[in-house]
Amino acid sequence: MTGRQTSQWQPVCNRTSLLAGQFIEFSLAGAGSGVTKSADTLPQRGFVFLDGTTPRAYLNQCPHTGIELNWMPGRFMDTDNLFIQCSTHGALFKPGDGECIAGPCQGDALTTLDVRENGEMLEVRLPE
Ligand code: FES
């Protein structure tokens, strides 16, 4: 097979179970089925949360080194609860678009996942 099977929508949680301030983590089905060994063969992880009332999802991957952003489950925000923060080197990302506004990857951005509501479920996929 060629290409990655990453454009499939996959359910991640019930819409009503996603509460303000809550981050739900998931593995992307089919992602990382890849090309090379090591990190590319591991399932890619993501997280979904409410930005105001809008559900948003990103890959859980700091653009700086590719490692996961959080060191505690479900904890992604800085102490002021304003920005998503990489726990390793402290880069700050805007929740609305994933842009890094401070840190070693300033000007770069988190990888945005597509999010949709399908019935009661929130579904995500890697953008095509
Ligand atoms: S790995 Fe996140 S800022 Fe360096």
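Asn 70 lies in the loop between β4 (54-59) and β5 (84-85). The model described here is a predicted one. With a relative accessibility of 12%, Asn 70 counts as buried, because the limit for that class is under 20%.

The side chain of Asn 70 takes part in polar contacts. One of them is with the side chain of Glu 25, at 3.2 Å. The side chain of Asn 70 also reaches the backbone oxygen of Met 72, at 2.9 Å. When neighbours within four places in sequence are left aside, Asn 70 is in contact with Glu 25, Asn 60, Arg 75, Phe 76 and Ser 87.

Glu 25 stands opposite Phe 47 in β3. Strand β3 covers residues 45-51 and is joined to β2 by five bridges, the two strands running antiparallel. The open sheet as a whole consists of six strands in the order β1-β9-β8-β4-β3-β2, with antiparallel pairing. Its edge strands are β1 (10-14) and β2 (23-27), each of which pairs on one side only. On average, neighbouring strands of this sheet are turned by 30° against each other, direction ignored.

Aromatic rings form a further theme. The structure has seven aromatic pairs. In one of them, the ring centres of Phe 23 and Phe 49 are 4.8 Å apart and the planes meet at 20°, so the pair is stacked. This pair links distant parts of the chain, since Phe 23 belongs to strand β2 and Phe 49 to strand β3, 26 residues apart. Phe 23 and Phe 49 are both buried. Ring pairs link Phe 23, Phe 47, Phe 49, Tyr 58 and Phe 76 into a cluster.

The cysteines remain to be considered. A disulfide is a covalent bond between the sulfur atoms of two cysteines. The count of disulfides in this model is zero. The table sets out the values for two cysteines.

| Residue | Relative accessibility | Closest cysteine sulfur |
|---|---|---|
| Cys 100 | 1% (buried) | Cys 105, 3.7 Å |
| Cys 105 | 5% (buried) | Cys 100, 3.7 Å |

How values were computed: Residues are numbered from 1 along each chain as its sequence is written. This is a predicted model: local features need pLDDT of at least 70, side-chain atom pairs count only at pLDDT 80 or more; totals for chains, interfaces and linings use all residues. Side-chain values use heavy atoms; hydrogens and water are left out. Two strands pair if DSSP finds at least two bridges between them. Helices (H or I, at least four residues) and strands (E, at least two) are DSSP runs, numbered from the N terminus. Axes are lines fitted to C-alpha atoms, for helices over the stretch in contact, and angles run from 0 to 180 degrees between N-to-C directions. Rings of Phe, Tyr and Trp (its six-membered ring) pair if their centres lie within 6.5 Å; planes under 30 degrees apart count as stacked, over 60 as edge-to-face and the rest as tilted. Buried means under 20% relative accessible area, exposed over 50%, partly exposed in between (1.4 Å probe, protein chains only). A polar contact is a pair of N or O atoms within 3.5 Å; within protein, one must be able to donate a hydrogen and the other to accept it, and residues adjacent in sequence count only if both atoms are side-chain atoms. Contact means heavy atoms within 4.5 Å. A disulfide is a pair of cysteine sulfur atoms within 2.5 Å.
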